[in-house]
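Please keep the sequence and structure at hand while reading.

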Amino acid sequence: MDYTRQQFERLYKDNYKQMYRLAYSVLTDADEARDAVSQVFTQIWHSKPQISEATVRGYLLVATKNQSLHILRQRKLRLELERQLHEEQEEAENNEREELLEELKQVIEDNLTPQDKKILNLHYEEEMTYGETAEALGISSSAVNKHITNSLFKIRQNLKIAK
């Protein structure tokens, strides 16, 4: 099939709509359907397959269906790869979070007094206010503030976290 430019344009105009409808019915995406039809015409222009005039329409439709199915496989593969990448990133983030949490626990254990630990626990874990923490421990709110400030400073120093 060695078309002149005018013959190829006629082939394109005569078959594009039907090929597009077929591609769209398979892909359900207008851009991908246009891409599929364009790919078929590009392949025909470059490979110049020997097809009779009687079978050219059927050839174009089969080629369009095959190209559409190829695009579907690529889409499915891309989605699967994106899902796997997302899972790997989540797993890495979870591992990093766990390591940091373990390091934080160790820094607290090694560098804070029992009173500091108790105050941090009440304030951050039990979600008590400074006033509630002070009342529970029988100390002033300013003492709670001082303990928390000093404790956080020690943690930052030992974790090497910049302010």
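The model discussed here is predicted.

**Helix 2 against helix 3**

- Helix 2 spans residues 30–47 and helix 3 spans residues 56–111; the two pack at an angle of about 125°, their axes being 9 Å apart.
- Helix 2 and helix 3 are therefore oblique to each other.
- The crossing in which helix 2 passes helix 3 is right-handed.
- On the helix 2 side the contact is made by E32, A36, V37, Q39, V40, F41, Q43 and I44, and on the helix 3 side by Y59, L60, A63, T64, Q67, S68, I71 and R75.
- By type, the residues of this contact are 9 nonpolar, 5 polar and 2 charged.

**Nonpolar cores**

- The largest nonpolar core holds 17 residues, and L11, M19, V40, F41, V56 and L60 have the most contacts inside it.
- Helix 1 (5–27), helix 2 and helix 3 are the elements that give two or more residues to this core.
- Helix 2 gives the most to this core, with 6 residues.

**The site at T133**

- T133 is part of helix 5, residues 130–137.
- T133 counts as buried because its relative accessibility is 0%.
- Beyond its neighbours within four places in sequence, T133 is in contact with I119, L122, H123, M128 and V144.
- The C-alpha atoms of T133 and L122 are 6.2 Å apart in space, while the two residues are 11 residues apart in sequence.

Notes: Residues are numbered from 1 along each chain as its sequence is written. This is a predicted model: local features need pLDDT of at least 70, side-chain atom pairs count only at pLDDT 80 or more; totals for chains, interfaces and linings use all residues. Side-chain values use heavy atoms; hydrogens and water are left out. Axes are lines fitted to C-alpha atoms, for helices over the stretch in contact, and angles run from 0 to 180 degrees between N-to-C directions. Helices (H or I, at least four residues) and strands (E, at least two) are DSSP runs, numbered from the N terminus. Angles under 35 degrees count as roughly parallel, over 145 as roughly antiparallel, 65 to 115 as roughly perpendicular and the rest as oblique. A crossing is left-handed if the near helix is turned anticlockwise from the far one by less than a right angle, and right-handed if clockwise. Contact means heavy atoms within 4.5 Å. Ala, Val, Leu, Ile, Met, Phe, Trp, Tyr, Cys and Pro count as nonpolar, Asp, Glu, Lys and Arg as charged, and the others, Gly among them, as polar. Buried means under 20% relative accessible area, exposed over 50%, partly exposed in between (1.4 Å probe, protein chains only). A nonpolar core is a set of buried Ala, Val, Leu, Ile, Met, Phe, Trp, Tyr and Cys residues joined through side-chain atoms within 4.5 Å.
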